[in-house]
Amino acid sequence: MTARISPQETVEQALALSKADGCVVLVTEQSEANLRWANNTVTTNGEMRSRRLAVISFVNGGTGMAAGVVEQSSTSLDVLADVVRASEQAAHDAGPADDDAPLVEPRVSDAGAARWGDEAAATSIGVFGSFAPVLGEAFARARAGGRRLFGFAEHIVTSTYLGSSTGLRLRHDQPTGRVELNAKTPEFARSSWAGRVTRDFSDIDVDRLDAEVTTRLGWSQRHIELGAGRYQTIMSPAAVADLIVYQYLATNARDSDEGRTVFSRPGGGSRIGERLTEQPLTMRSDPDEPGLSCSPFLHTSASWPVASVFDNGLPTGPVRWIDNGVLAELPRTRNWAARTGAAPAPIVDNLVLEAPGATATQDELVATTDRGLLLTCLHYVREVDPQTLLLTGLTRDGVYLVEDGEVVGAVNNFRFNESPVSLLRRAAEVGRTERCLPREFSDYFTLTAAPWLRIPDFNMSTVSRGV
Amino acid sequence: MTFRAPWNRFCVRGLSAGAGSVGSVEASIDPEFTSLPLRNLADAALSRAAELGAEHADLRVERLRSQNIKMRDGRLQSAADTQELGFGIRVVHNGSWGFAASVDLTPDDAARAAKRAVAVAKVSAPMNFERVELADEPVHRDATWSSPYRTNPFDVPRADKIALLADWSERLLAADGVDHADAMLNQQWENKFYADLAGTTTIQQRIRLEPELTALSLDSTDGGFETMRTCAPPVGRGWEYLTGDGHDWDSELAQLPEWLAEKVKAPSVEPGRYDLVIDPTNLWLTIHESIGHATELDRALGYEAAYAGTSFATFDGLNSLRYGSALMNVTGDRTVEHGLATVGYDDEGVQAQSWDLIRDGVLVGYQLDRRMARMTGFGRSNGCAFADSPGHIPIQRMANVSLRPAPDGPSLEDLIAGVDRGIFVVGDKSWSIDMQRYNFQFTAQRFFAIRNGQLAGQLRDVAYQATTTDFWGALAAVGGPQTFLLHGSFYCGKGQPGQTASVSHGCPATLFTGINVLNTAREAGQ
């Protein structure tokens, strides 16, 4: 094994080795530190470093452009030529690609072009230097208070370098972090949860998180059994985010135009332009969103309906997917855009749902509720029917009964059957949008902000005994 | 259906060098992997960990190769070849875990990673109040093992695979009522070297395949659409699986459009309680969710509480919890031939085993790793520790968990013939279960009405929903070995950071009485 070379040098060497008609090289350097705990003690932990090289060769075989992708964890010089040749062979084997488009050309305004020469950013177990001792104190308090704490803290820093035969040289550093804290009573009969996203852990207040789960565990001292049915429900931002992220990733322009999604129009085409809700809700993405910033260019090592390898390096920008209640746009590759006469709409790695002037907080929504449920978060959300985007899942770690403007206790969990599209249509009130951790998507889509929503008739299909 | 007994284990044995012997098929460990400096890395990492005071240390070097091909209407959407190569070192230092991973396969970096792992253990120590101790395991020196296959799919030209999927897609698209056809083939080749301070060293190789085709029919008048997917299981087999060894592709592809056309015109189900005859192509997933995960001891002890959840099958219920009817006998194994969780040794150097989880309807066992085996007095782990990549720490993962057929049990036809008003359930689709593995809801590829012992056409908009112990308590008949099928998944998720694992579940056709059936269109408010 030869010594590894820098990401930038890897990109240049791979491009120089390429004999294909076009080539994109992606190098990803990632470092990660994590702590996991259960029953008031640390269980597993780790510090990992990884590196990935993806070479995407484009070959014109006469009947159309083909793409071949070879990806591997090593970027040492002695394997580079093999990877490039293998990707070229893959392109020759592949035949014409379904998502063929000219490779992206560099632009003077490319946001990812700055700092190309910088070293990859990194994290280490030291990121928990201040966090870990305070967490240990929380464990001690929990033991003394008859509670058990469970949870996970993770910090990942990913540096992505993209180079192409057309001259693109783009780089992006993405820090992502999260903390999840779950408190239970010793017999596991009651449970509460709080989650946060962070870029560097400097803004994580463990004591505040601990106080939050302790307060909610206190709410559940009174247990109330409720049956299945439709309930007025106040959904937390985390619960709302889980459902709208599902909608965002499950619907795209091509599938919709072809009749395969909830946003397909009878008779052909998509429902773009159709009003989805009377609420002035806007669902949007923006790579420069404060606190939720993400890559300003598209990078992918595999084609799928929302992203094409031919679109690597395509600038992303602000886009409104739902504009003031109207379906305004769906993720669209350049190939599909060309085939349908529409504009490309590259997918962006963050998502915000908001309504102008909506400021109601959890406490304010609770205070104006005669009788209803307050949801903490969701579990095991899966698609039941793509035609309506009907999703099923469970409520988790706190469903609270609100009566006469106050939380009066905790109720059993439920299995729900609901569609996010239907929920947006039926929403009776929109609250303040908050940055939140969508618990179901916490492994790979955490850059979200969502509002509190009041749903007049949330479908709690059956009772779950699970806690 | 072909009889494939889950306890038909094949040879796992320690060898001094070279090839492993597996069942009826000889397979060699890839020499490109064995030529890596595996023992030099182990020497450097383990000796450094010992110098730094680790009471346990293990090193895994892994090479994971995958090739994923996706077609859309017979045209290539994506073909990606991926290789991950690296190592992870895990230590127990003063009773705390520490883990570090890297991708530079040099002794110097292995030693540095060992130092980092010890440093991680020291950071964790102030928050660790349960000393880590591991159950004993015999030392397995220089053991090798390979899964059985005839043709390594990575030796088959990529163009041949694309041509096969294109041909299968065209067959579907040529049929009346099929507007779109999606095809996917996922292939994985896993090589793993393990060494620990006790002296165990193992080298292993696994091959697995997951093919899948879906036909879609559009209704342009109302914007509706329906799909029908193949029910062929993912398997631990070679390329021969795609050419007819273990599955009749021609037959299933020929029938798929007919089933889809019937589904499109099918009446919507009337919700209520029905007797369900469940085919193994559907029941495997119900077993996975309601038994497989519920009998993982880490869940029962609370280690997954904040993420994947806990289990109603708590440890105090061992040997007493009534899980289901007396007809219910469930095994855990890491030995069944072609099983996706089948190995020679796990990621803690424990030899693969087979054991009972549920006997005559009573909980009698769990899936274990070495730490939990020691904590709970089992004495020895049953080999369920696994990491999905070199960069992840091994956690307790699922064995192949299977429902035994009744030795002289009925055929599928006999099961259906005994039902007056019921539904025959085929193929998995949507699934979800709660945090304690109580409340679940499943849909399927096909639901057939049963009236007076006869199939009476398909139904639409069906989901079945139950509480685990009620459901298994309603198990009224278990089919014979002739109805048995080993199915499974490539994508079992668990742990933080998230890890995926492949796992198989075998079961016969079965009859459950009085199960709650929903109408999903009404659930959606349609």
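Is L437(A) buried or exposed, and how many other C-beta atoms lie within 10 Å?

Author: The model is a predicted one. In it, L437(A) is buried, with 22 other C-beta atoms within 10 Å. The cut-off for a buried residue is 20 or more such atoms. L437(A) is in the loop between strand 17 (429–436) and strand 18 (448–464) of chain A.

Leaving aside residues up to four places away in sequence, L437(A) touches R178(A), G195(A), R196(A), V197(A), A238(A), S442(A) and T446(A). H172(A) is a further point of reference: 265 residues separate L437(A) from H172(A) in sequence, and their C-alpha atoms are 22 Å apart in space.

L389(A) sits in the loop between strand 13 (371–385) and strand 14 (390–403) of chain A. L389(A) is buried, with 22 other C-beta atoms within 10 Å. Its phi is positive, about 55 degrees, although L389(A) is not a glycine. D404(A) belongs to the loop between strand 14 and strand 15 (406–411) of chain A. D404(A) is exposed, with 9 other C-beta atoms within 10 Å. D404(A) is not a glycine either, yet has a positive phi of about 50 degrees. As background, most residues other than glycine have a negative phi, and most peptide bonds are trans.

The peptide bond from Q496(B) to P497(B) is cis, with omega near 0 degrees. P497(B) is in the loop between strand 22 (485–494) and strand 23 (499–507) of chain B.

Back in chain A, strand 1 (22–38) is a covered element. Of the 17 residues of strand 1 of chain A, 16 are buried. Strand 1 of chain A pairs with strand 2 of chain A in the antiparallel sense over 16 bridges, and with strand 4 of chain A, also antiparallel, over 14 bridges. In general, strands of a sheet pair through backbone hydrogen bonds, either parallel or antiparallel. E29(A) shows both pairings: E29(A) stands opposite R51(A) in strand 2 of chain A and opposite S159(A) in strand 4 of chain A. Strand 1 and strand 2 of chain A form a hairpin with two residues between them, and N39(A) in the turn has a positive phi of about 50 degrees.

The buried residues of helix 3 of chain A are covered by, among others, strand 1, strand 2 (41–60), strand 4 (148–164) and helix 4 (206–219) of chain A, together with helix 3 (107–124) of chain B. Helix 3 (residues 131–145) of chain A has 15 residues, which at 1.5 Å a residue should span 21 Å; its end C-alpha atoms are 21 Å apart, in agreement. F131(A), A132(A), L135(A), G136(A), A138(A) and F139(A) are buried in helix 3 of chain A. Seen down the axis of helix 3 of chain A, its buried residues fall within an arc of 160 degrees, so they line one face of the helix. An α-helix has 3.6 residues a turn, so residues three or four places apart point the same way. On the face of helix 3 of chain A turned away from its buried side are the exposed residues A140(A), A144(A) and G145(A). Just after helix 3 of chain A comes G146(A), with a positive phi of about 75 degrees.

Chain B, which supplies part of that cover, has eleven helices and 24 strands. The radius of gyration of chain B is 24 Å, close to the 24 Å that the globule rule gives for 526 residues, so chain B is as compact as a globular protein of that length. Its C-alpha trace spans about 70 × 55 × 45 Å along its principal axes, and 60% of its 526 residues count as buried.

One sheet in chain B is open, with four strands in the order 13-12-11-16 and antiparallel pairing. Strand 13 (362–363) and strand 16 (400–403) of chain B stand at the edges with a single partner strand each, so one side of each is left without a neighbour in the sheet. Strand 12 (residues 354–359) of chain B is joined to strand 13 of chain B by two bridges, and the two run antiparallel; here R359(B) stands opposite V362(B). Helix 6 (residues 280–292) of chain B lies across strand 11 (330–333), strand 12 and strand 16 of chain B, at about 110 degrees to strand 16 of chain B.

Key. Residues numbered from 1 in each chain as written. Chains lettered and ligands numbered in written order. Predicted model: local features only at pLDDT ≥ 70, side-chain atom pairs only at ≥ 80, totals over all residues. Rg over C-alpha atoms; globule rule 2.2 N^0.38 Å. Buried ≥ 20, exposed ≤ 12 C-beta atoms within 10 Å, placed from the backbone. Pairing = 2+ DSSP bridges. Contact = placed C-beta atoms within 7 Å. Axes fitted to C-alpha atoms, helices over the stretch in contact; angles between N-to-C directions. Expected span 1.5 Å × (residues − 1). Arc of directions from axis to C-beta.
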